[in-house]
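Biologist: I have a chain to look over with you. Please show it first, then I will ask.

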Amino acid sequence: MKGSHAVVCLVLVCAVVLVSGTGGLAGLAKAPQPEGELGTAFTYQGRLTDGGNPAEGAYDFQFRLYDAPSGGNLLGTVTPGDVAVSGGLFTVKLNFGAGVLTGDARWLEIGVRPGDSGGAY
């Protein structure tokens, strides 16, 4: 009985501190405020292998965005060229424009070719 009394008192003290705002806990949960409008671009990071080994050098990429996993509508294409790949890792900035990333499901198809070629992806 004595132990349960101590737990009840501890819960009541915590409740009073949280509700009153004294003790500093109430002010810690503030969400950061955005500093401006969000754009339509985002960063994509990936890993590329060539013959089972991490790729090295420049590669051309083609990113195609669809609204379904197969047979869907093509919503946009971005083709960054001569992207530096080091240790198999790369980073690109993609921007499919306004009205494309609306919260609905999207599928990204990625094509790649060596940077010094002009062939198919």
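Biologist: How much of the accessible surface of the chain belongs to carbon and sulfur atoms?

Modeller: This is a predicted model, where local features need pLDDT of at least 70, side-chain atom pairs count only at pLDDT 80 or more, and totals for chains, interfaces and linings use all residues. Residues are numbered from 1 along each chain as its sequence is written, and side-chain values use heavy atoms, without hydrogens and water. Areas come from the Shrake-Rupley method with a 1.4 Å probe, and for residues only the protein chains shown count as cover. The accessible surface comes to about 8,600 Å², and the share of carbon and sulfur atoms is 57%.

Biologist: How many salt bridges does a search of the whole structure find?

Modeller: Side chains of opposite charge can pair when their charged atoms come close. A salt bridge needs a side-chain nitrogen of Lys or Arg within 4 Å of a carboxyl oxygen of Asp or Glu. The search of the whole structure finds two.

Biologist: Which residue meets R113 in a salt bridge?

Modeller: The N to O distance is 3.2 Å. R113 lies in strand β8 and its partner in strand β4 (residues 57–66), so the pair ties together parts 53 residues apart in sequence. Strands here are DSSP runs (E, at least two residues), numbered from the N terminus. The partner is D60.

Biologist: Is R113 buried or exposed?

Modeller: Buried means under 20% relative accessible area, exposed over 50%, partly exposed in between (1.4 Å probe, protein chains only). R113 has 15% relative accessibility, so R113 counts as buried.

Conventions
Helix = DSSP H or I, 4+ residues; strand = E, 2+ residues; numbered from the N terminus.
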